[in-house]
Protein chains: 2
Amino acid sequence: MGIHIGIDLGGTNVRVAIINKNGTVNELLQEQTEPEKGPVHTINNIIRMIETLAEDEKVEGIGVGAPGPLDPYRGVILNPPNLPGWEEVYLVDALKKYFSTDNIQLNNDANAAALAEAQFGSGKEYNSVFYITVSTGVGGGLVIGGKVFSGAQGYSGEIGNMILNPGGYQYSNLNKGALEGYASGTAIGQRAYQLYEIEGGAEAVFELVSEGDQRAQRIVDEAIEYLAMGIANLTHTINPDVFVIGGGVMKAGDLIWVPLREKVKKYLYPGLVDKVNLQPAALSGDSGVIGASLLAQ
Amino acid sequence: MGIHIGIDLGGTNVRVAIINKNGTVNELLQEQTEPEKGPVHTINNIIRMIETLAEDEKVEGIGVGAPGPLDPYRGVILNPPNLPGWEEVYLVDALKKYFSTDNIQLNNDANAAALAEAQFGSGKEYNSVFYITVSTGVGGGLVIGGKVFSGAQGYSGEIGNMILNPGGYQYSNLNKGALEGYASGTAIGQRAYQLYEIEGGAEAVFELVSEGDQRAQRIVDEAIEYLAMGIANLTHTINPDVFVIGGGVMKAGDLIWVPLREKVKKYLYPGLVDKVNLQPAALSGDSGVIGASLLAQ
């Protein structure tokens, strides 16, 4: 009986935790990632944190959720915008040198969160779960029968790049008119600034909406409209048993959930209008480490 | 050792066949569907055709591929545009009254064809296969590990309704700017007529393209552009091991395949550009009955 480690490797912080069988956090360490100091620095910190947590216990499995793009099959972090300067980092191999388990898995952070929600959160009653995070970016993960469906090259769930309007807004290195360019927190903040010089990012925009500001409302309406189209497209492609939707933007509550539920219906085949199941994510910020540990179980 | 029956129920013809274990057609009967005479008429014809084929042998499984929308879980044909007047037809229950097997399955025709291609066609080497048919309409089917993934309400693969341009072309009862409104054979023919009074449907349009007609070329370019965006969206959502693409429009050969392969690359994440696997469908018109029989195996 050894322990299971979950690692949530983000651009700002890295969190390492022992996760219990029932999906709760037993013990957790957090440090700054400092990606600019290079992958060796961060990986050494991760190894030390695992050793600190494990003490004398056997490490049975280690799962890492990290920003994409990455290759889950080879355990390689490719060149994620959120870990600048990291390129072709063989993270799984590096960890295998230090720990005597073969069960070390890497997948992207949205897939890890999807797994956590499917196992212990809002998706736990369902066979097929599509998790969507609307946060700094827009990402997703598909879980079928308790397993992440990563796809041929690990790009399943990269819905931020879904084209919804080829004549639309160009955002970051994504496709023109892609979902993330309309619905992400960053995009909402950027558009509010560009169109109306509203400062303070998505949070300030939602604050203004709650005060009845019409300009802020227009930007949020547009974001929700595109998110609704994206969900309709996913329904007519995968038709999962449930959509679990999390991320910072969804914390705006009724301001976003009420219109979202209405707008999705507009774009569905009549037979689906009252059947598509949208649920808020249930797990707190710990879903990253919990889901990561599930990758290796 | 009994026999397996595959039924391809279309708006024009219904084909009933005994399918061998290796996926070949043993014996086949075809009649007109005559949907206007009502479902009882057609179902009685189907029962008679099965009995004629089976003679004294035991029927072990019956699979039916039919136009959507339908409910694969209850075995009910809902209200398909291609079978006008049919509404809530309990096809599986009707067949169960006549045949002593519990193994009678209904799914939509694109899912049946997907299964045939995954098992015996261009997808046979792969775990996850997304089949696309570009024909009168645009449809699709997802097969993972040899099984059709139908989705919660059976709407998985209904990619004809994928929104690609919310300010775009309104076609049939689909979403504005949906894939089928640009890329289907019907849409190509309609747009050629509306814009340039070109008659003769998609076939005539491709004939003109091969003669160097610039107007026809523009319409085909647009159709391929949207098909490419649709495939990119599916890649960033599911990232299947292979796309198998069939249907009448794809018979235009290099006129469509060469530009399609180029255009898809434009819309992919750089890491995927040379990796997305597009293959022409391998099976002939028999994929309907073959795939249908696989539904019940």
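Helices (H or I, at least four residues) and strands (E, at least two residues) are DSSP runs, numbered from the N terminus. The structure is a predicted model, in which local features need pLDDT of at least 70 and side-chain atom pairs count only at pLDDT 80 or more, while totals for chains, interfaces and linings use all residues. Residues are numbered from 1 along each chain as its sequence is written, chains are lettered from A and ligands numbered from 1 in the order in which they are written, and side-chain values use heavy atoms, with hydrogens and water left out.

Asn239(B) lies in the loop between helix H7 (214-235) and strand S11 (242-246) of chain B, and has a positive phi of about 50° although it is not a glycine. Its relative accessible area is 1%, so Asn239(B) is buried (buried means under 20% relative accessible area, exposed over 50% and partly exposed in between, with a 1.4 Å probe and protein chains only). A positive phi, of about 45°, is also found at Glu55(B), again not a glycine. Glu55(B) belongs to the loop between helix H1 (39-54) and S4 of chain B and, with a relative accessible area of 65%, is exposed. Most residues other than glycine have a negative phi, and most peptide bonds are trans.

Pro69(A) is found in the loop between strand S4 (59-66) and strand S5 (70-71) of chain A, and Pro69(B) in the loop between strand S4 (59-66) and strand S5 (70-71) of chain B.

Helix packing was examined in chain A. Helix H7 (residues 214-235) and helix H8 (residues 254-266) of chain A pack at an angle of about 50°, their axes being 8 Å apart (axes are lines fitted to C-alpha atoms, for helices over the stretch in contact, and angles run from 0 to 180 degrees between N-to-C directions). H7(A) is therefore oblique to H8(A) (angles under 35 degrees count as roughly parallel, over 145 as roughly antiparallel, 65 to 115 as roughly perpendicular and the rest as oblique). The residues of this contact of H7(A) with H8(A) comprise nine nonpolar, no polar and four charged (Ala, Val, Leu, Ile, Met, Phe, Trp, Tyr, Cys and Pro count as nonpolar, Asp, Glu, Lys and Arg as charged, and the others, Gly among them, as polar). The axes of helix H5 (residues 185-196) and helix H6 (residues 201-210) of chain A come within 7 Å and cross at roughly 70°, so H5(A) and H6(A) are roughly perpendicular to each other. By class, the contact of H5(A) with H6(A) has five nonpolar, three polar and no charged residues.

Helix H9 (residues 287-295) of chain B contains Val289(B). H9(B) is mostly covered, nine of its nine residues being buried. Val289(B) itself counts as buried because its relative accessibility is 0%. Neighbours within four places in sequence aside, Val289(B) is in contact (heavy atoms within 4.5 Å) with residues including Gly6(B), Ile7(B), Arg15(B) and Leu28(B). The C-alpha atoms of Val289(B) and Leu28(B) are separated by 9.0 Å, the two residues lying 261 residues apart along the chain.
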